[in-house]
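The sequence and structure are shown first.

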Amino acid sequence: MSDTLKRWGPYTNMKQLADAGPKMIARADGIYVYDNRGRQYIDGHGGLWLANVGYGRREIIDAIAQQAEALAWFPSFGGFANEPSLRLADKLVELLAPDGMAHVMFSNDGSEAVETALKIARQYWKIKGRANKHKFITRRFAYHGVTMGALSVQGVTENRMEFEPLLPGVVHVSAPYPHHCSMHPDSPICTLACARAVEEAILTQGAETVAAVIAEPIQAAGGVIIPPPDYLRQVREICRRYDVLFIADEVVTGFGRLGSWFGARHYGIQPDLMTMAKGITSGYVPLGATAVSDAVFEAFYDMAVSGPEFRHGNTYSGHPIAAAAALANIAILEREALPDHARAMGPVLQSALKNVQTRHPQWVVDANAEGLLGRLELRDPGGRLASGQIGAKIAQYMYDLGVIVRPIGDVVTFSPPLTIAEPEIQHMVAAAEEALGMVEA
Ligand code: PMP
């Protein structure tokens, strides 16, 4: 193992794991992954919030191989295009029609999809003659990626602070965090003050200076923060009222995770822009996409006749292998109705987690799931384990028990492949309970 990999291993933020050396995953099949000693694990996290159709899907592997033989790559640039990426654009536009999205632009991953959305939002207002609308409003605990723009709209302070100063004009408001509500900590009644915080930020900054609000339908990497059901609709309405674009970051929630094709649809809204990655290929190859409404696109289209186009694009935008993989992946999601399956399995995951809470009320602060995105938030009532340490401890024990999950502070998060069946969900959550017993002991 090289020193570089040891020092910069994939989980340097989880010091305990990094110190022990990375766990080597050698192969995968269905919802299971196998380490280099051949030991089997349920992948309770879908790799990193993806693997929606599961591992080892022959038709995706074949689509990748066939496309690599026919045309591994050629730029989608300077008047050139390739068929798989055009077919994928058509397919996404068809899928996203109920969400009000009508056009897509490809990139390589979620960070680039977010970066693209931020830049589209900025230029949109310039084209409209309102260049002063340049600010972005985001929420605390948001995760939007690693590039400077995406990082600037991130709400995880620790991720941002070493790189400051970042993009100016980014305002972070309270997140809808039901169990740690900073808006009315003394009252159990939710008045959706966090949605009004978005409105107040727009008013304080001046709506004439705000380009867009960006939000994940459910904040995933912040700790699977499930908002009150009406939150997103209210934020969307506020954006409309003040002529501010709304960007839904669907990098985690897209492609079925919540039991609908997209998180925006799940919460009954239509954004102006939408970002996608991860589940678009279930991780078989990297791909990102940014979708926009007709209204946003039309502004650029008019401009293209007489003024500057959108000067943005990557070498690998519209990569034919990525597009072929995405098409095969989406075909599986459709044929096997995996978003519907996630909707059916959501209550199973939710009640299994809530049962753990009922049996361990001292240890479990919150247990919840929306579709196949779940959380178990813990604290040590005896105070032996400091805040921030429990999640990693439980994840380590669960790994020993053959289940991989992702700890985020004191929250153990679940995001299994959408193909997971009820007994496997029970098995996964039983491992969490057993691990909790080991920590309690
Ligand atoms: N947005 C969200 C909501 C994400 O969760 C992530 C990654 N976890 C990103 C953007 C960035 O995606 P990537 O890691 O593919 O750049």
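Arg 139 is buried, because 28 other C-beta atoms lie within 10 Å. The model is a predicted one. Arg 139 lies in strand E5, which covers residues 135-139. Once residues up to four places away in sequence are set aside, Arg 139 touches Gly 155, His 172, Val 173, Ser 174, Ala 175 and Ala 215. Val 439 is 300 residues from Arg 139 in sequence, and their C-alpha atoms are 33 Å apart.

Gln 357 can be described in the same terms. Gln 357 belongs to helix H14. Gln 357 has 17 other C-beta atoms within 10 Å and is therefore partly exposed. Apart from neighbours within four places in sequence, Gln 357 is in contact with Val 364 and Ala 367. Gln 205 is 152 residues from Gln 357 along the chain, with 42 Å between the two C-alpha atoms.

### Backbone exceptions

Most residues other than glycine have a negative phi, and most peptide bonds are trans.

The peptide bond that joins Glu 164 and Pro 165 is cis, with omega at about 5°. Pro 165 sits in the loop between helix H8 (157-161) and strand E6 (170-173).

Trp 49 is not a glycine, yet has a positive phi of about 70°. Trp 49 is part of helix H3, residues 46-49. With 24 other C-beta atoms within 10 Å, Trp 49 is buried.

Ala 337, also a residue other than glycine, has a positive phi near 45°. Ala 337 is in the loop between H13 and helix H14 (338-359). Ala 337 has 13 C-beta neighbours inside 10 Å and so counts as partly exposed.

### Surroundings of the ligand

Which residues come nearest to the ligand? Of the 15 residues around the ligand, these are Asp 109, Gly 110, Ser 111, Gly 145 and Val 251. Helix H6 (residues 110-127) gives the largest share of this shell, three residues. By class, the shell around the ligand has eight nonpolar, four polar and three charged residues.

### Helix pairs

| Pair | Crossing angle | Axis separation |
|---|---|---|
| H5 (residues 83-96) and H13 (residues 320-335) | about 40° | 8 Å apart |
| H4 (residues 58-71) and H13 | roughly 155° | within 8 Å |
| H9 (residues 193-205) and H10 (residues 231-241) | roughly 15° | within 9 Å |

Helix H13 takes part in two of these pairs, with H5 and with H4.

At an angle of about 40°, H5 and H13 are oblique to each other. Their crossing is left-handed. On the H5 side the contact is made by Pro 84, Ser 85, Arg 87, Leu 88 and Lys 91, which meet Pro 320, Ala 323, Ala 324, Ala 326, Leu 327 and Ile 330 in H13. The residues of this contact are eight nonpolar, one polar and two charged.

For H4 and H13, the axes cross at roughly 155°, which makes H4 roughly antiparallel to H13. H4 passes H13 in a right-handed crossing. From H4, the contact involves Glu 59, Ile 60, Ala 63, Ile 64, Gln 67, Ala 68 and Leu 71; from H13, it involves Pro 320, Ile 321, Ala 324, Ala 325, Leu 327, Ala 328, Asn 329 and Ile 332. Twelve of the residues in the contact of H4 with H13 are nonpolar, two are polar and one is charged. Pro 320, Ala 324 and Leu 327 of H13 are listed in the contact with H5 and also in the contact with H4.

How do H9 and H10 run, and what forms their contact? The crossing angle is roughly 15°, and H9 is therefore roughly parallel to H10. The crossing of H9 past H10 is right-handed. Cys 194, Ala 195, Val 198, Glu 199 and Ile 202 of H9 make the contact with Tyr 231, Gln 234, Val 235 and Ile 238 of H10. The contact of H9 with H10 has seven nonpolar residues, one polar and one charged.

Key: Residues numbered from 1 in each chain as written. Predicted model: local features only at pLDDT ≥ 70, side-chain atom pairs only at ≥ 80, totals over all residues. Axes fitted to C-alpha atoms, helices over the stretch in contact; angles between N-to-C directions. Helix = DSSP H or I, 4+ residues; strand = E, 2+ residues; numbered from the N terminus. Parallel < 35°, antiparallel > 145°, perpendicular 65-115°, else oblique. Left-handed = near helix turned anticlockwise from the far one by under 90°. Contact = placed C-beta atoms within 7 Å. Nonpolar A, V, L, I, M, F, W, Y, C, P; charged D, E, K, R; others polar. Buried ≥ 20, exposed ≤ 12 C-beta atoms within 10 Å, placed from the backbone. Near = placed C-beta within 6 Å.
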